[in-house]
Amino acid sequence: MTMSRPAYKIDTSHPGSDLAAETAAALAAASIVFKSSDSSYANTLLTHAKQLFDFAKNYRGKYSDSITDAQSYYASGDYKDELVWGAVWLYRATNDNSYLTTAEQLYNEFGLQNWNGGFTWDSKISGVEVLLAKITNKQSYKDKVSGYCTYISTSQQKTPKGLVYIDQWGSLRMAANAAFICASAADLGINADSNRQFAKKQLDYILGDGGRSYVIGYGNNPPTHPHHRSSSCPDAPAVCDWNTYNSASPNYHVLTGALVGGPDSSDNYKDERSNYISNEVATDYNAAFTSLLAYFSK
């Protein structure tokens, strides 16, 4: 690539507690996965997770206040939920009670129990509450999870075909995120039957029960024009330009397994490359969706 590719960082003068703590959580979770097969690598992950978490806790601030170029598209709402998220995952990876104590203290100090729940790239509150319920078995956390899933499954707006509709941006992503939280709640014995049924209905809609699949390369009439640069370009050295972007032809490469943004509140969907609201793909779109697939495959 010959265009400018600037790099950004956070440091003690330009903190980013959300970015650092989220990364700490990811590394801590990965260390659990590799612990039995590659203990040396798992220890390396855990070492860096601890360092990042300490940095996040000691130098407070939102990453998008420090990396201002992120504000237009990925401005952070707050860092507090990520800080608790990081502490919870470090407890799970280490069984060190100091991390659990920190997580519960910060959860209360920040008043997260008074925030609206939800689980997105920018909000970890419902995920935090599921993990704290699992770890501590405390009724207060179970009640928060139960309240969220009851609201989302019974009171939240739904499309005529049954998709829980939370946001026009990544409507399927939002439904999959909520469904995974409620499937996780079912495993904790929280309204198990109804939460599992709700989660499965959302997954089935994504996979095709609504009339078409929204997963590229899978099922009936899947998307073929996702808003995704590399899959829409022919192999080099062929030209890939705005004419390629505006072409009515399907993408040159099948981005197998990617979940597109999804339909509107009336189940309307157009498979158009230029419609980034409906047809964008993203790593966070696939995250809980993939977890939901794993949940129902076990």
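User: Is Tyr-276 buried, partly exposed or exposed?
Analyst: In this model, which is predicted, Tyr-276 has a relative accessibility of 41%. Buried would require under 20% and exposed over 50%, so with its 41% Tyr-276 counts as partly exposed.

User: What kind of aromatic pair do Trp-169 and Tyr-276 form?
Analyst: The structure holds 13 aromatic pairs, and one of them joins Trp-169 and Tyr-276, with 5.9 Å centre to centre and 25 degrees between the planes. Since planes under 30 degrees apart count as stacked, the pair of Trp-169 and Tyr-276 is stacked.

User: How many residues apart in sequence are the parts that this pair ties together?
Analyst: Trp-169 belongs to the loop between helix H8 (139-154) and helix H9 (171-187), while Tyr-276 belongs to helix H13 (residues 276-279). The pair therefore ties together parts whose separation in sequence is 107 residues.

User: Is Tyr-205, which pairs with Tyr-214, buried or exposed?
Analyst: Tyr-205 and Tyr-214 form a stacked aromatic pair, with 5.9 Å centre to centre and 5 degrees between the planes. Tyr-214 has a relative accessibility of 4% and counts as buried. For Tyr-205 the relative accessibility is 3%, so Tyr-205 counts as buried.

Methods: Residues are numbered from 1 along each chain as its sequence is written. This is a predicted model: local features need pLDDT of at least 70, side-chain atom pairs count only at pLDDT 80 or more; totals for chains, interfaces and linings use all residues. Side-chain values use heavy atoms; hydrogens and water are left out. Rings of Phe, Tyr and Trp (its six-membered ring) pair if their centres lie within 6.5 Å; planes under 30 degrees apart count as stacked, over 60 as edge-to-face and the rest as tilted. Helices (H or I, at least four residues) and strands (E, at least two) are DSSP runs, numbered from the N terminus. Buried means under 20% relative accessible area, exposed over 50%, partly exposed in between (1.4 Å probe, protein chains only).
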